[in-house]
Amino acid sequence: MGSITLQKVSKVFGEAKVIPSIDLEINDGEFVVFVGPSGCGKSTLLRLIAGLEDVSGGQILIDGKDVTQAAPAERGLAMVFQSYALYPHMSVRNNIAFPLKMAKMEKSAIDKKVTDAARVLNLTDYLERRPSQLSGGQRQRVAIGRAIVREPSAFLFDEPLSNLDAALRGTMRLEISDLHHQLKTTMVYVTHDQVEAMTMADKIVVLNRGNIEQVGSPLELYKSPRNLFVAGFIGSPHMNFVDGAYAQSKNAKTAGIRPEHLNLSKDSGIWRGTVKVAEHLGADTFLHLDVEGIGQITARCDGEFGAYHGDTVYMTPDEAKLHRFDDKGLALKA
Amino acid sequence: MATQNTKTLARLMMAPSVLLLLIWMIVPLAMTLWFSFQNYNLLDPSNVSFTGLFNYQFFYTDPAFFQSIWNTLVIVGGVLLITVIGGIAIALLLDQPIFGQGIVRILIISPFFVMPPVAALVWKNMIMNPSYGVFADISRFFGLRPVDWFAQYPLFSIVVIVAWQWLPFATLILLTALQSLDGEQKEAAEMDGANFLNRFIYLVVPHLARSITVVILIQTIFLLGVYAEILVTTNGGPGYASTNLAFLIYRTALLGYDVGGASAGGIIAVVLANIVAFFLMRAVGKNLDR
């Protein structure tokens with residue numbers, strides 16, 4: 001069991017209102033990702049759930065029980081920190097065993113749990129080592145091991161992959177997703193990386209300046225962003241926003257079109273642009289174009305398309321995939 | 001320092017200072033060693049002769065010798081105990097965010113800037129004096145007989161004064177170590193259900209181990225030679241109750257004018273310091289390797 005409910009939760013640091021008021025429902029077994037730009041309050045929100053910060057107002061319920069005033073250890077949650085926060089003078093075994101030792105569990109039971117966790121996480125050969133003798137990915141796994149032995153009702157991850165290199169990040173992403181399928185425990189995951197958010201989440205919570213902009217599944221957010229912020233934040237490369245005459249012709253203040261929804265051609269189309277930079281990724285090519293009367297546009301085309309710096313390219317937006325926004329930045333229904 | 005050339009150059013450049021340091025150390029040591037085998041008394045400076053190990057025998061059979069060694073160890077051990085435990089406690093308190101933190105820290109550190117004879121005089125005349133000291137006032141306030149500290153507990157009084165002087169040093173080093181403890185580790189321990197005591201035992205103390213070692217090693221070097229505090233307060237007495245090895249050497253040399261005997265005592269002190277250093281490095285030195 002591990003459902004978490006936030007009711008009108010707010011957090012104030014001195015003068016700064018970091019989180020004005022948030023209502024959120026996290027269901028049992030869900031993988032929820034908090035995503036947003038730096039300073040949007042996503043880590044603060046996680047720390048409020050963990051109990052490492054006191055809330056300034058509102059209530060936090062875990063499995064229907066009010067834990068707003070409960071100490072971190074009493075909430076039955078486990079947290080994986082950005083720096084891993086392993087205890088440097090303890091062996092991997094003692095690191096993983098520490099929460100069980102603090103819970104005054106019997107030694108034989110602790111040994112069994114540590115051995116099991118080490119097997120799941122491929123750490124069996126490293127149990128007697130110190131954290132300083134491990135690689136970044138192994139340290140990450142020890143931190144996860146320390147979390148899973150407690151059998152918490154929910155896991156909290158605070159940007160756990162940001163200290164790893166790109167290749168390892170990809171592997172760990174898969175491992176964490178795999179772990180979630182095995183354990184079926186609620187996971188709350190904070191990241192600023194939208195790739196992590198899109199690939200791992202059941203439910204994404206997009207935060208901006210302490211407010212929830214939108215909550216939904218990755219594809220919902222991609223297909224129907226509720227406002228300009230979500231539209232611009234989710235998707236890589238970012239959505240193109242077009243103001244002016246073209247948008248007005250579609251009865252909108254701003255028209256949004258994703259780079260992958262532009263049909264490119266070398267001889268005809270409604271917009272004509274010059275390639276400034278072409279990023280060839282192999283399968284795909286990202287073209288950064290200067291378009292007459294519109295400005296900067298990013299387009300995504302097939303790797304075979306063959307456009308280079310200085311070439312002229314025509315493009316036509318896919319009308320069915322067009323997003324329209326009103327003057328408040330909110331999405332208009334089709 | 002990658003190539004052979006730079007290595008040789010570096011050695012050449014360092015050589016003068018190394019040589020100077022070596023001479024600075026070797027000459028006094030050699031002279032002390034030389035005098036320790038001489039019958040050399042300043043009351044009769046014309047009559048200097050070789051006496052072999054007589055000076056050592058003389059110093060060894062001095063009734064104050066073993067007591068002074070014991071007193072030396074008590075001062076070192078007592079002060080270390082008070083400063084390390086007290087230093088950790090004060091550092092933990094200073095690590096909390098409080099109003100006027102900067103001023104409080106300066107106040108805590110200030111005893112270290114008071115020179116030893118001055119500190120000893122302040123303690124002797126204003127704090128521990130049996131008729132007008134602060135402690136006597138406190139005793140009288142509770143209707144008790146004032147304690148004559150230097151007569152009744154001479155060694156303990158010396159330990160207290162020296163500890164008062166070294167507490168800021170220990171506090172300062174331990175505080176900086178405490179501040180370098182990773183905040184996320186503390187939070188992780190909190191999430192793991194460790195209460196304050198457990199966090200202290202499993203997280204703070206291991207983290208402080210290296211700094212505690214540094215405090216112990218540096219303080220031991222200075223505490224083996226405590227002298228000014230004894231001279232100003234008890235003058236080694238009553239009897240030999242507060243005489244340590246350094247003070248015994250001073251007595252032999254400058255009150256007994258016996259240069260030979262004092263030199264023998266100095267050599268014994270050097271040997272003793274090395275024995276202490278050996279056991280100390282065995283006991284706590286491994287903390288420095290991590």
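Me: Helices are DSSP runs of H or I with at least four residues, strands are DSSP runs of E with at least two, and both are numbered from the N terminus. Where in chain A does that put A:Tyr84?

Reply: A:Tyr84 lies in the loop between β6 (77-80) and α2 (92-102) of chain A. Before we go on, note that this is a predicted model, in which local features need pLDDT of at least 70 and side-chain atom pairs count only at pLDDT 80 or more, while totals for chains, interfaces and linings use all residues. Residues are numbered from 1 along each chain as its sequence is written, and chains are lettered from A and ligands numbered from 1 in the order in which they are written.

Me: Thanks! Why is A:Tyr84 called buried?

Reply: Count C-beta atoms, placed from the backbone, within 10 Å of the residue's own: 20 or more others make it buried, 12 or fewer make it exposed, and anything in between is partly exposed. A:Tyr84 has 24 others within 10 Å, so it is buried. A:Tyr84 also has a positive phi of about 70 degrees, although it is not a glycine.

Me: And what makes A:Lys184 exposed?

Reply: A:Lys184 has 11 other C-beta atoms within 10 Å, so it counts as exposed. Its place is the loop between α5 (166-183) and β8 (186-191) of chain A. A:Lys184 is not a glycine either, yet its phi is positive, at about 55 degrees.

Me: On to chain B. What makes the reach of helix α3 (residues 64-94) close to the expected one?

Reply: The expected span is 1.5 Å times one less than the number of residues. α3 of chain B has 31 residues, and its reach of 43 Å from first C-alpha to last is close to the expected 45 Å. Buried residues of α3(B) include B:Ile75, B:Val79 and B:Ile88.

Me: What do the buried residues of α3(B) pack against?

Reply: They pack against α8 (154-179), α10 and α12 (245-255) of chain B.

Me: How many residues does each chain bring to the contact between A and B?

Reply: Two residues are in contact if their C-beta atoms, placed from the backbone, lie within 7 Å. Chain B gives 14 residues and chain A gives 15 residues. On the chain B side, α9 (183-191) and α10 (196-223) each supply at least two, and α9(B) gives the most, with 6 residues.
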